[in-house]
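Subject: Structure for you to look at

Dear colleague,

Please find the structure below. My notes on what was found in it follow.

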Amino acid sequence: MKKILLFGKTGQVGWELQRALVPLGSVIGVDTHSTEICGDFRDPQGVAETVRLIRPDIVVNAAAYTAVDKAESEYKLAYLINAASVEAIARETEALNAWFVHYSTDYVFPGTGDLPWDENDRPAPLNVYGETKLAGEKFIQQECSKYLIFRTSWVYAAKGNNFVKAMLRLATERHEISVVNDQFGAPTGAELLADCTAHAISIAMNKTDVTGLYHLVATGTTNWFEFAQLIFAEARKAGLTLAVQKINAITSDSYPTPAKRPLNSRLNTTKFTQKFGLTLPHWENGVKRMLAEVSTPASV
Ligand code: NDP
């Protein structure tokens, strides 16, 4: 039986991976609160020691510093978690001849143009989060001979903090909400990411030449304003009472944030779908499912 070490087991993607990885082997999940073995990415030596102790066949890393705006004033911490610890784990993973499975972001790109970015396009992050995630990717590519890196975007899940839940909260508190309409990308469910990861791992076990970097997002494109509109419409359809009456579309320039965001976050997933023989669903499917689930009143 394969031994899988899962870092970041309680994040949006980590939580879904706890479910999706189970059929592949024995899953040992850790997070910042783990006491017996270190799962804290502020301690690169500690997480490296965890890999040495567990001796997994596959390391899956869903842990990350994901506070995009806060990262602008916490470069050292973001680098420690997104790059330095990733490097330390990558070295130990390679020493075991194991696989390293990791996630990265659309924020490695500068957001110019309107074509979907592919894996060969040159990254040029606009913010600290993107910079540190790109550094993590590079360490894996330098250190590991067997790795899967999945760049994804706009992740949401029923469990965790994300745009869908933030919008639902605001919509119950406010009559009017303003949302940017000039950043384009694809909302991608943590469930989809976890299921695709499990499928890709099962293929990788017999086919080491799938090693590499992949773009993995739902199909279709939207912007945050349209995404918010769909969230409110679906939530109402599912029976939620919302206070919001008016949604204003605004530009990113009129909504300054500490971290600059790319306007074009479209990712081309052709490499992933061809290599792993999968079809990716439209982004609306997963969002509608999640809203139906979170909006359903508890049954007696
Ligand atoms: P979450 O923010 O939901 O989860 C991140 C996890 O990392 C949490 O469990 C968090 O634990 C953990 N973490 C934070 N600090 C540390 C630390 N010092 N040591 C160990 N674990 C730590 O992120 P997602 O699940 O959404 O992200 C999964 C991957 O996808 C990440 O690589 C992320 O960069 C990438 N990604 C995410 C996007 C998004 O929109 N969320 C978009 C594009 C890519 P705790 O809660 O205890 O702090």
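Strand β4 gives three residues to the shell around the ligand, the largest share. Please keep in mind that this is a predicted model.

The ligand site

The ligand is surrounded by 25 residues, and the closest are V13, F41, T66, Y129 and K133. By type, the shell divides into 10 nonpolar, 11 polar and four charged residues.

The side chain of Q12 has an N or O atom 2.9 Å from an oxygen atom of the ligand. The backbone takes part too: an N or O atom in the backbone of F41 is 2.8 Å from a nitrogen atom of the ligand, and a backbone N or O atom of A64 is 3.1 Å from a ligand oxygen atom. On its own the ligand has 890 Å² of accessible area, and the protein covers 80% of it. Two or more residues of the shell come from each of α1 (12-20), β4 (99-105) and α4 (128-143).

Helix α6

Helix α6 runs over residues 190-204, which is 15 residues. From the first C-alpha to the last, α6 reaches 21 Å, close to the 21 Å expected at 1.5 Å a residue. The buried residues of α6 include A190, L193, A194, T197, A198, I201 and A204. Residues three or four places apart in an α-helix point the same way, because there are 3.6 residues a turn.

How exposed or buried is T197, a residue of helix α6? T197 counts as buried because its relative accessibility is 0%, against a cut-off of under 20%. A polar atom of the T197 side chain lies 2.6 Å from the backbone oxygen of L193. Beyond its neighbours within four places in sequence, T197 is in contact with L17, V101, Y103 and F150.

Helix α9

E284 is found in helix α9, residues 283-295. E284 counts as partly exposed because its relative accessible area is 26%, which falls between the 20% and 50% cut-offs. In sequence E284 and A218 are 66 residues apart, while their C-alpha atoms are 8.6 Å apart in space.

Regards

Conventions
Residues are numbered from 1 along each chain as its sequence is written. This is a predicted model: local features need pLDDT of at least 70, side-chain atom pairs count only at pLDDT 80 or more; totals for chains, interfaces and linings use all residues. Side-chain values use heavy atoms; hydrogens and water are left out. A residue is near a molecule or strand if one of its heavy atoms lies within 4 Å of it. A polar contact is a pair of N or O atoms within 3.5 Å; within protein, one must be able to donate a hydrogen and the other to accept it, and residues adjacent in sequence count only if both atoms are side-chain atoms. Accessible areas come from the Shrake-Rupley method with a 1.4 Å probe; for residues, only the protein chains shown count as cover. Helices (H or I, at least four residues) and strands (E, at least two) are DSSP runs, numbered from the N terminus. Ala, Val, Leu, Ile, Met, Phe, Trp, Tyr, Cys and Pro count as nonpolar, Asp, Glu, Lys and Arg as charged, and the others, Gly among them, as polar. The expected span of a helix is 1.5 Å times one less than its number of residues. Buried means under 20% relative accessible area, exposed over 50%, partly exposed in between (1.4 Å probe, protein chains only). Contact means heavy atoms within 4.5 Å.
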